[in-house]
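User: I am new to this structure and would like to learn how to read it, one feature at a time. Please give the general idea and then the case at hand.

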Amino acid sequence: MRSVNLILSIALVLGANGAAAQSKPPLNQVREIDDGLLMVGIADEIRKRCDNIDARMINAWSRIRGLESRAKSLGYTAEEIEDYLTSDEEKARMRRRGEALLRQRGFDPASTGDYCTFGREEIARGSQIGVLLRER
């Protein structure tokens with residue numbers, strides 16, 4: 001009887017540890033993924049607004065695939081990643097973050113000219129955003 005209780009106790013402990021290991025935060029709370037996607041999103045917005053700035057599409061796709069691969073290595077499923085990427089709520093939250101970053105750097109997110117100036121500065125700095133862009 002004692003060995004049965006011991007085995008049940010071990011099984012419960014192992015089961016609890018396994019459940020804890022499977023528990024993971026939402027992707028929007030994984031800074032490495034969320035911040036990386038923010039940089040791609042800002043670069044995309046700059047590319048769309050600024051006639052004299054293009055995307056380095058291979059770099060952008062490579063970055064996106066790298067983020068997806070990293071999320072999978074952290075245990076997220078393709079469905080969880082897709083839900084995160086296509087969520088209207090997440091898109092709105094990411095837009096707010098991007099606009100806040102521009103304001104923090106002294107730019108007006110409502111101004112296309114400011115987006116373009118910001119983009120050129122990021123290109124010159126070789127930042128995470130800048131490496132995804134190029135001037136025409």
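User: Is Ile 64 buried, exposed or partly exposed, and how is that decided?

Analyst: Buried means under 20% relative accessible area, exposed over 50%, and partly exposed in between, with a 1.4 Å probe and protein chains only. Ile 64 has 24% relative accessibility, so it counts as partly exposed. The residue is found in helix H3. Ile 64 and Gly 36 are 28 residues apart in sequence, and their C-alpha atoms are 8.3 Å apart in space.

User: What kind of model is this, and how are residues numbered?

Analyst: This is a predicted model, in which local features need pLDDT of at least 70, side-chain atom pairs count only at pLDDT 80 or more, and totals for chains, interfaces and linings use all residues. Residues are numbered from 1 along each chain as its sequence is written, and side-chain values use heavy atoms, with hydrogens and water left out.

User: How many helices and strands are there, and in what order do they run?

Analyst: Helices (H or I, at least four residues) and strands (E, at least two) are DSSP runs, numbered from the N terminus. The protein has six helices and two strands. From the N terminus on, the order is α-α-β-α-α-α-α-β.

User: What share of the protein counts as buried, and how much area does the protein expose?

Analyst: Of the 136 residues, 29% count as buried. Accessible areas come from the Shrake-Rupley method with a 1.4 Å probe, and for residues only the protein chains shown count as cover. The protein exposes about 8,700 Å², with carbon and sulfur atoms supplying 53% of it.

User: Which residues have the most contacts inside the largest nonpolar core?

Analyst: In soluble globular proteins, nonpolar side chains tend to be buried together. A nonpolar core is a set of buried Ala, Val, Leu, Ile, Met, Phe, Trp, Tyr and Cys residues joined through side-chain atoms within 4.5 Å. The largest one here has 26 residues, and those with the most contacts inside it are Leu 27, Ile 33, Ile 42, Ile 46, Phe 118 and Ile 129. Helices H2, H3 (57-73), H4 (78-86), H5 (88-104) and H6 each supply at least two residues of this core. Its largest share, seven residues, comes from H2.

User: What is Ile 46 in contact with, beyond its neighbours in sequence?

Analyst: Contact means heavy atoms within 4.5 Å. Leaving aside neighbours within four places in sequence, Ile 46 is in contact with Ile 53, Tyr 115, Phe 118, Gly 119, Ile 129 and Leu 133. For Glu 45, with the neighbours within four places again left aside, the partners are Arg 95 and Tyr 115. Glu 45 lies in helix H2 and, at 16% relative accessibility, counts as buried.

User: Which residues form a disulfide, and where do they lie?

Analyst: A disulfide is a pair of cysteine sulfur atoms within 2.5 Å. The structure holds one: Cys 50 and Cys 116, with their sulfur atoms 2.1 Å apart. The torsion about their S-S bond is about -110 degrees, so the disulfide is left-handed. The pair links distant parts of the chain, 66 residues apart: Cys 50 is in the loop between helix H2 (31-49) and strand E1 (53-55), and Cys 116 is in helix H6 (residues 112-125). Cys 50 is buried at 1% relative accessibility, and Cys 116 is buried at 9%.

User: How are the rings of Phe 107 and Phe 118 arranged?

Analyst: A pair of aromatic rings is described by the distance of the centres and the angle of the planes. Rings of Phe, Tyr and Trp (its six-membered ring) pair if their centres lie within 6.5 Å; planes under 30 degrees apart count as stacked, over 60 as edge-to-face and the rest as tilted. A search of the whole structure finds one aromatic pair. The rings of Phe 107 and Phe 118 have centres 5.4 Å apart and planes at 75 degrees, so this pair is edge-to-face. Phe 107 is in the loop between H5 and H6, and Phe 118 is in helix H6. Both residues are buried.

User: Which ring does the charged end of Lys 24 sit over?

Analyst: A charge sits over a ring if NZ of Lys or CZ of Arg is within 6 Å of the ring centre and within 35 degrees of the ring normal. The charged end of Lys 24 sits over the ring of Tyr 76, 5.3 Å from its centre.
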